[in-house]
Amino acid sequence: MLPDISIEKQMDHIDQNTFSINDNPVMHNALEVLSILQKTRKITISGQGDLCPNTVAVANIITENLLTGHSKTEKITVDGKISSDGYMVPMIKITIVKID
């Protein structure tokens with residue numbers, strides 16, 4: 001029974017380390033990401049469609065302004081998916097790590 005509990009805890013931890021960028025102002029999203037990053041030390045932010053530039057902006061605010069020298073971009077994944085109406089929707093995921 002213990003392995004099941006640890007798997008559930010790992011899944012909860014993974015969910016806490018992701019943040020989907022939304023239509024809120026960029027700085028509002030950046031501050032939310034910062035508060036999560038302070039607790040977890042690693043976060044993956046993602047955006048789709050028109051929110052891809054906002055995702056990049058949030059990552060830049062965190063790494064270049066708020067946590068300069070104390071964070072780095074670990075991984076960037078750019079992808080796309082075909083929507084139900086046949087158009088391609090761009091997607092981006094950026095993993096940020098807090099360093100000491």
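**Close-up views of a predicted model**

**View 1. The loop between H2 and E2 holds Arg 41.** Helices (H or I, at least four residues) and strands (E, at least two) are DSSP runs numbered from the N terminus. Arg 41 is not a glycine, yet has a positive phi of about 70°; most residues other than glycine have a negative phi. With a relative accessible area of 34%, Arg 41 is partly exposed, a class lying between buried (under 20%) and exposed (over 50%), for a 1.4 Å probe and protein chains only. The model is predicted, with local features requiring pLDDT of at least 70 and side-chain atom pairs counting only at pLDDT 80 or more, whereas totals for chains, interfaces and linings use all residues. Residues are numbered from 1 along each chain as its sequence is written, and side-chain values use heavy atoms, with hydrogens and water left out.

**View 2. Four strands form an open sheet with mixed pairing, in the order E1-E2-E4-E3.** Strands E1 (18-20) and E3 (71-82) stand at the edges with a single partner strand each, so one side of each lacks a neighbour in the sheet. Strands count as paired if DSSP finds at least two bridges between them. E2 and E4 run antiparallel and are joined by seven bridges; Ser 46 has Lys 93 in E4 as its bridge partner. H2 packs on the sheet, where it touches E1, E2 and E4, and its direction makes about 150° with that of E2. H3 lies across E2, E3 and E4 and runs at about 10° to E4.

**View 3. The axes of H2 and H3 come within 9 Å and cross at roughly 60°.** This makes H2 oblique to H3, since angles under 35 degrees count as roughly parallel, over 145 as roughly antiparallel, 65 to 115 as roughly perpendicular and the rest as oblique. Axes are lines fitted to C-alpha atoms, for helices over the stretch in contact, and angles run from 0 to 180 degrees between N-to-C directions. Residues making the contact (heavy atoms within 4.5 Å) include Met 27, Leu 34 and Leu 37 of H2 and Asn 54, Ile 61 and Leu 66 of H3.

**View 4. The largest nonpolar core has 17 residues, of which Val 33, Ile 43, Ile 45, Val 58, Ile 62 and Ile 96 touch the most other members.** Such a core is a set of buried Ala, Val, Leu, Ile, Met, Phe, Trp, Tyr and Cys residues joined through side-chain atoms within 4.5 Å. H2 (26-40), E2 (42-48), H3 (52-66) and E4 (88-98) each give two or more residues, and H3 gives the largest share, five.
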